[in-house]
Amino acid sequence: MYRLYYDFHIHTALSPCGDNDMTPNNVVNMSSICGLNCIAVTDHNSYLNIEACIKAAENNNLDLLVIPGMEVETQEELHVICLFPDMQSIKPFGDIVYSRLNKIPNNEKIFGPQQILNADDEEIGKATDLLITSTSIGVYELVELAKEHNGLAIPAHVDRGSYSIISNLGFIPPDLDISLIEFSRAAKPEELLPMIRKSTGKDFAYIISSDSHYLEHLPDASNFLEFEFKPSAYDVIGKLKGLGRK
Ligand SMILES: [Zn+2]
Ligand SMILES: [Zn+2]
């Protein structure tokens, strides 16, 4: 049995709230030091630093699988982690998301730079539109859009009081086609799951991720998924898609 120690919610220096030290090499090396063997790079509404992170993991010969992801803010201003098996899948998805972002120029003095970096941690550009705003994509449409691009959508940090599906909608709509939700590390699943079941009539599977914006917030390996063999990104996405489905 192979234990995949994961964290499916990590920001880089591209996210305005992500620390400038969250460079591709720092993120993958620190994740590896923490004992993780799978991370998802999930910047706000953008995929532009993922390839550099995948390459940095390869260049450093790390036993670390990097899954392409994005944290999308829906029309309802709630956050959803969208994960994909490869860059070919996330790019057209991400381009749609970006085209439907409510465009506000980034004010670096307030939000900091949104750095696009290469696999050597060199700045190769900046995202000029503020990435932490909502899109015009509603949560139902987003779930379908992720599916159409071979990925899956996972409502983020549902235990939190802001930008979560429960804080913003009051509950998880039972007819939303999801079976997996994300808790933050502070969450107590044993208390939350019965409440969620009561309000939706549904049982959900869950993952716990760190939502790290700083290197020191990257978690020690504790949450894992089990596989019969060492999985590829396709295997991981396939497993996540099946969690919670009867
Ligand atoms: Zn979030
Ligand atoms: Zn986040």
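**View 1. Where helices H1 and H2 meet.** Pro-24, Asn-25, Val-27 and Val-28 of H1 touch Ala-52, Cys-53, Ala-56 and Ala-57 of H2; contact here requires C-beta atoms, placed from the backbone, within 7 Å. Helices (H or I, at least four residues) and strands (E, at least two) are DSSP runs, numbered from the N terminus. You are looking at a predicted model, in which local features need pLDDT of at least 70 and side-chain atom pairs count only at pLDDT 80 or more, while totals for chains, interfaces and linings use all residues. Residues are numbered from 1 along each chain as its sequence is written, and chains are lettered from A and ligands numbered from 1 in the order in which they are written.

**View 2. How the two helices cross.** The axes of H1 and H2 lie 8 Å apart, at an angle of about 55 degrees. H1 is therefore oblique to H2, a word for angles that are not under 35 degrees (roughly parallel), over 145 (roughly antiparallel) or 65 to 115 (roughly perpendicular).

**View 3. The buried side of H1.** In H1 (residues 24-33), the buried residues are Pro-24, Val-27, Val-28 and Ser-31; buried means 20 or more other C-beta atoms within 10 Å of the residue's own. Because they cover an arc of only 90 degrees around the axis, they sit on the same side of H1. They pack against strands S1 (2-10), S2 (38-44), S3 (65-73) and S5 (115-117), and against helix H2 (50-59).

**View 4. Just past H1.** Here you will find Gly-35, with a positive phi of about 95 degrees.

Conventions:
A residue is buried if 20 or more other C-beta atoms lie within 10 Å of its own, exposed if 12 or fewer, and partly exposed in between; C-beta atoms are placed from the backbone. The arc is that of the directions from the helix axis to the C-beta atoms. Two residues are in contact if their C-beta atoms, placed from the backbone, lie within 7 Å. Axes are lines fitted to C-alpha atoms, for helices over the stretch in contact, and angles run from 0 to 180 degrees between N-to-C directions.
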